[in-house]
Every structure is written in C-alpha cells, then in structure tokens.
Amino acid sequence: MPELPEVETVRRSLEPVILHQPIKRVDVHYERILQHVSVQDFRDLLTGNQFLQISRRGKYLIFSLENDWELVAHLRMTGRLIFVSDTQIPLEKHTSVVFDLGSAGALRFEDVRKFATIDLVPKGDYEQIKGLHTLGVEPLSPEFSLSVFQELLEGRSTKIKGLLLDQTKIAGLGNIYADESLFMAGIHPERPACSLTSQEQQLLHSAIREVLTLAIENQGTTLRDYRTGYGLEGSFQNKLLIYGKKGEECPRCKAKLEHRKVAGRTSHFCPSCQRE
Ligand SMILES: [Zn+2]
C-alpha cells in the first residue's frame, strides 16, 4: 500500500505535467471510485476546468481546481495515478477514471483491487472525508517537533507500532516505514508507547523523519503495484533494512530477523537489536 513517500512521489511527478492544462473530458469507467458525488456532477464540475495545485495530507492527494473545488484521491492498496503524454497508449484493464488533458496528454487512475477513492468537495470542506478530516501531524512538517512526538507517546500504553500506524496521531506512516523507523531506533514494535526512554523517543523521532526523507529521495518503495506518476518503479525497496526480510540476517548484528503480528500487521524486527 502506498505510504507517505509514495504518495508524495506521485504528487511531485504529476505537478510539472498536469497543472494548468484544460480538462477536455472525463471518462469514468468504474463509478464506485466516486464518493458522495454522481458521475454527472463529477464530469460537469471537472470538464473545462483545470488543476491549479496538488498537495498532500498523509496518504491523501488533494488537487485544487480553478473553480475552488478540490478533488481528493486516496490510492489505498493498488491505486495508481499515471500521466501519459501519448493518449494512443491503450488503457490498462483496471482503469477507473481518465482525465483527458487535450494535447498535453491524459491522467489515468488505475486500480486493480478497486479500493481507491475519489471525493470532490468545495475547497477545504473535508467533513465527509473522515480519514482526511481526522488526520494527525505531518511527520515531515516543522509541527512534528520532538516535544509534539513526546506528547503523543505520553501516558499511552498502546504498542508503539500501533501508535505509529494510527493516522489520527501521525499522518502517512504505514507498515513499511513504521518497521524501518523502529529498527533504525532499535525499538521493539510491541513496546508500550509510554515506556520509551527520552533517548529512545529522540532516536525514533529522527528515524521517522530520516527514513521518510530517504524514501522520497528514492521515489518510494515498489514491492508490487506502486508506480510514480510516470508509471515507473521506485527504488527504495533496494534500501530497506528490515521490512520483508524475515529469516534473513540483521544488517547490523547478523542475528536472524523475526516477524510477528502486531496491531494487526506483520511486523519485522531484530530480536537482538530491538529488545522486548
Ligand atoms: Zn540486529
């Protein structure tokens, strides 16, 4: 599932190619991708309009339109937003929506598993988009200070891995980057959040920022479905330290890596570097 670095990479790759291009036509091939808006209204509000800006909150992409509406997209499991300059390239079988940008090309929303969503709302009106409305702090923003992080952990007996995955606390972290951050900081995923020493809080705070920044520099992690806005694979999968490496040697101490279900997700850890 795309996490913050993948969604941010999609944003950065689409920005130079789709902004300020008149939307000539909108084809909806899979109606259920649209939330709270009819196909007719969706097409009417978009046709003849243009995207002015793309921003990101957590794993959401927000496309600002000229008419003061916003298209809000979530890729979920297998969603892809791909720009093509050559519209003669045949559509993928699982294409849900196509935004025809005339001579500039087209933006295609593909989704094999069909969990991705699109909302269309008046600017800033996110009440009906529950996941967006309740998002926690952006981990790469200046607001995510060490003291804000410490406050999130304080008094919480929930497992640290679960807390990192909770989008209402920190926005955009998922299974891959939570595991990588905990490994970098040497913290076991099942430790109660409130049990971290102040040194561990500091290590984890910087690990989160470091791993997300590195992953964005590497265009995200492609394990299977994720692609950038140009349809290319990311490369951070080659730099993962622990995620998906069960049974392999710890890159730090050579112990055999383990995995276990924590907070409903398979969590990878080194039993020696990350003590329970
Ligand atoms: Zn180790």
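**Notebook: helix α6 and the zinc site**

I began with the meeting of two helices, where Tyr177, Glu180, Ser181, Leu182, Met184 and Ala185 in α6 meet Leu203, Leu204, Ala207, Ile208, Glu210, Val211, Leu212 and Ala215 in α7, contact being heavy atoms within 4.5 Å. Helices here (H or I, at least four residues) and strands (E, at least two) are DSSP runs, numbered from the N terminus.

I noted that this is a predicted model, in which local features need pLDDT of at least 70 and side-chain atom pairs count only at pLDDT 80 or more, while totals for chains, interfaces and linings use all residues. Residues are numbered from 1 along each chain as its sequence is written, and side-chain values use heavy atoms, with hydrogens and water left out.

**The helix pair**

I then looked up the axes of helix α6 (residues 175-185) and α7, which come within 8 Å and cross at roughly 130°; axes are lines fitted to C-alpha atoms, for helices over the stretch in contact, and angles run from 0 to 180 degrees between N-to-C directions. That makes α6 oblique to α7, since angles under 35 degrees count as roughly parallel, over 145 as roughly antiparallel, 65 to 115 as roughly perpendicular and the rest as oblique.

**Surroundings of α6**

I found α6 mostly covered, with 10 of its 11 residues buried, where buried means under 20% relative accessible area, exposed over 50%, and partly exposed in between (1.4 Å probe, protein chains only). These buried residues pack against α1 (4-18), α5, α7 and β11. Just after α6, I saw that glycine 186 takes a positive phi of about 70°.

I next turned to lysine 161, which has its place in helix α5 (residues 160-165) and counts as buried at 0% relative accessibility. Leaving aside its neighbours within four places in sequence, I listed its contacts, among them Asn175, Ala178, Asp179 and Leu182.

**The zinc ion**

I looked up the protein donors of the zinc ion, which are Cys250 (SG), Cys253 (SG), Cys270 (SG) and Cys273 (SG), lying 2.2 to 2.4 Å from it; donors are N, O and S atoms within 2.8 Å of the metal (3.2 Å for Na, K and Ca). The four donor atoms subtend angles of 103 to 114°, so the arrangement is tetrahedral, a term for four donors with all angles between 85 and 135 degrees.

I read the spacing of the donors along the chain as C-x2-C-x16-C-x2-C. Cysteine 253 lies in the loop between α7 (198-217) and β10 (258-262) and cysteine 270 in the segment after β11 (265-269), so the pair ties together parts that are 17 residues apart in sequence. I recorded cysteine 253 as partly exposed at 31% relative accessibility, whereas cysteine 270 is buried at 0%.

Conventions. Four donors count as tetrahedral if all angles lie between 85 and 135 degrees; four count as square planar and six as octahedral if opposite donors are over 155 degrees apart and all others between 65 and 115; anything else is irregular.
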